[in-house]
Amino acid sequence: MTFERIRLARRLRHIAIAMATLAIGACASRPPEDARQYLDEISAATVTVAPGSLVFARERPELAVHARDYITLVPLDVNRSGKHSLYFYVYVWSTIDKRGLPASDAATGQIELVADGKQIPLIASRATPRELGLAESPVRAPSDSARLLIAPTDRETLELLSRATTIHAVEQYGGVGERYELWAGSTGSILALL
């Protein structure tokens with residue numbers, strides 16, 4: 001066999017394996033209604049993205065008119081060979097350029113959700129997105145300067161958030177807590193992953 005035929009045979013074998021994997025994955029699980037599901041071709045994980053995001057905002061009138069800081073939170077399910085892991089895919093971003101501001105204002109602190117008075121800290125995963133099965137970003141960044149945080153979660157937390165009557169976020173840094181109100185989205189979208 002020539003070198004080109006060997007390369008072609010390998011490519012065809014890889015395509016056949018990928019097609020079989022997709023077929024098996026399609027039979028094994030169906031995405032929840034309205035959720036988006038895709039196969040991350042690099043990590044071979046099946047990623048299910050909740051149909052909606054929760055966007056929290058806080059006004060920043062001291063910096064500019066109509067300036068806001070945002071926290072965008074999207075629940076994900078990552079299925080790696082039948083092992084499901086739940087995450088919050090979080091972007092922290094702003095409508096203003098913070099490069100000229102003091103470091104304390106430009107830095108992201110600890111973020112927690114507060115649902116019906118219960119505090120839920122979002123602890124960043126130490127693993128890289130690729131190690132978590134997210135070789136490609138499941139959610140487009142809302143701005144070029146958005147900072148990413150991926151926090152593991154669990155079914156009980158998603159259920160708590162989906163039933164909550166009041167929910168907000170708090171960003172803690174330097175002993176100061178800044179409150180973010182729910183600006184867009186509904187907790188009902190979280191139910192799509194349950």
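What joins the side chains of Glu178 and Arg58?

Reply: The side chains of Glu178 and Arg58 are joined by a polar contact of 3.0 Å. A polar contact is a pair of N or O atoms within 3.5 Å; within protein, one must be able to donate a hydrogen and the other to accept it, and residues adjacent in sequence count only if both atoms are side-chain atoms. This is a predicted model, in which local features need pLDDT of at least 70 and side-chain atom pairs count only at pLDDT 80 or more, while totals for chains, interfaces and linings use all residues. Residues are numbered from 1 along each chain as its sequence is written, and side-chain values use heavy atoms, with hydrogens and water left out.

Glu178 belongs to strand β10. Strands (E, at least two residues) and helices (H or I, at least four) are DSSP runs, numbered from the N terminus. With a relative accessible area of 23%, Glu178 is partly exposed; buried means under 20%, exposed over 50%, and partly exposed in between (1.4 Å probe, protein chains only). When neighbours within four places in sequence are set aside, Glu178 has contacts (heavy atoms within 4.5 Å) with Arg58, Ala169, Val170, Glu171 and Tyr173. Its C-alpha atom is 9.5 Å from that of Ile111, a residue 67 places away along the chain.

The whole structure holds 3 aromatic pairs. Rings of Phe, Tyr and Trp (its six-membered ring) pair if their centres lie within 6.5 Å; planes under 30 degrees apart are stacked, those over 60 are edge-to-face, and the rest are tilted. Tyr70 and Trp183 make an edge-to-face pair, 5.1 Å centre to centre with 65° between the planes. Because Tyr70 lies in strand β4 (residues 68-80) and Trp183 in strand β10 (residues 176-184), the pair ties together parts that are 113 residues apart in sequence. Tyr70 is buried at 4% relative accessibility, whereas Trp183, at 48%, is partly exposed. The rings of Tyr89 and Tyr91 are edge-to-face as well, since their centres are 5.6 Å apart and their planes lie at 85°. Tyr89 and Tyr91 are both buried. Ring pairs also gather Tyr70, Trp93 and Trp183 into a cluster.

Strand β4 leads on to β5. The two run antiparallel and are joined by 12 bridges; strands pair if DSSP finds at least two bridges between them. Leu73 has Val90 in β5 as its bridge partner. In the hairpin of these strands, 2 residues lie between β4 and β5, and Ser81 takes a positive phi near 55°. On β5, 10 of the 12 residues are buried. Strand β5 is also antiparallel to β8, with 7 bridges, and Phe88 stands opposite Ala151 in β8.

In soluble globular proteins, nonpolar side chains tend to be buried together. A nonpolar core is a set of buried Ala, Val, Leu, Ile, Met, Phe, Trp, Tyr and Cys residues joined through side-chain atoms within 4.5 Å. The largest has 23 residues, of which Phe56, Ile71, Val90, Leu113, Leu122 and Leu161 touch the most other members. Strand β5 gives the largest share of this core, 4 residues. Beyond its neighbours within four places in sequence, Ile71 has contacts including Phe56, Val90, Ile111 and Tyr180. Another core, of 19 residues, lies apart from the largest one and includes Ala57, Val78, Leu134 and Val139.
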